Amino acid sequence: MNHATVDNLDEIMDVFKQYKDIFPHIRSDKIQRMIKSNNVVWEEKVLITYNHYQRKQRVGKYEAQKGDCILHQIAAKNQGDGSGRRVFEDFLKFNTNRDIVLSVRAANDRAISFYKKYGFIKVSDITWGKDSQVKGEVYLLEQKPLFRYKENNFEEIISYSRTTN
């Protein structure tokens, strides 16, 4: 999986401009900072922006944990040619053992269908804007082992699975 360099900024911004109805808020200075932080994937003319949480973070009503991945944007210059799928699958592998959280506009049926194909589940609603005028949904792909939290007792998990099977 290739991360973007500042030399890729113009091409990346051209892809965002292609989808200005979905990404009207994207600014090149923000993307440039993300590139310098190594948080932009750029491969096969597909871009993915993301971050790893440094502390617990609420996304809608869902509480992401420290180390979880937040997927900000994904866009492909040539939507429908399979490049987005290939790069996204590499991105999922890159984040193995990390839960991945994302928010998406509720009206973006194509993106929601794409995420569901990979096992993302809706965990919350969310709104954006001054007056909460943009409605969205929060999705989660659980990839961490079940015994990841200190408060979980591994024996309890095994017992629970035996009683439910």
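Guide: Start with burial. Buried means under 20% relative accessible area, exposed over 50%, and partly exposed in between, with a 1.4 Å probe and protein chains only. Tyr 139 counts as buried because its relative accessibility is 2%. This is a predicted model: local features need pLDDT of at least 70, side-chain atom pairs count only at pLDDT 80 or more, and totals for chains, interfaces and linings use all residues. Residues are numbered from 1 along each chain as its sequence is written, and side-chain values use heavy atoms, with hydrogens and water left out.

Visitor: Which strand does Tyr 139 lie in?

Guide: Strand S8, residues 134-141. Strands (E, at least two residues) and helices (H or I, at least four) are DSSP runs, numbered from the N terminus.

Visitor: Which residues is Tyr 139 in contact with, leaving aside neighbours within four places in sequence?

Guide: Contact means heavy atoms within 4.5 Å. Among them are Ile 100, Val 104, Ile 112, Phe 120 and Val 123. Ser 103 is 36 residues away from Tyr 139 in sequence, yet 6.1 Å away in space, C-alpha to C-alpha.

Visitor: And how do I read empty space?

Guide: Rolling a probe the size of a water molecule over the atoms shows where empty space is left. On a 1 Å grid over the protein atoms alone, a pocket is an open set of points where a 1.4 Å probe fits, with protein on both sides within 12 Å along at least five of seven lines; lining residues have an atom within 4 Å of a point. Here 39 residues line the largest pocket, and Phe 23, Gln 73, Ile 74, Asn 108 and Tyr 115 lie nearest its centre. S5 gives the most to that lining, with seven residues.
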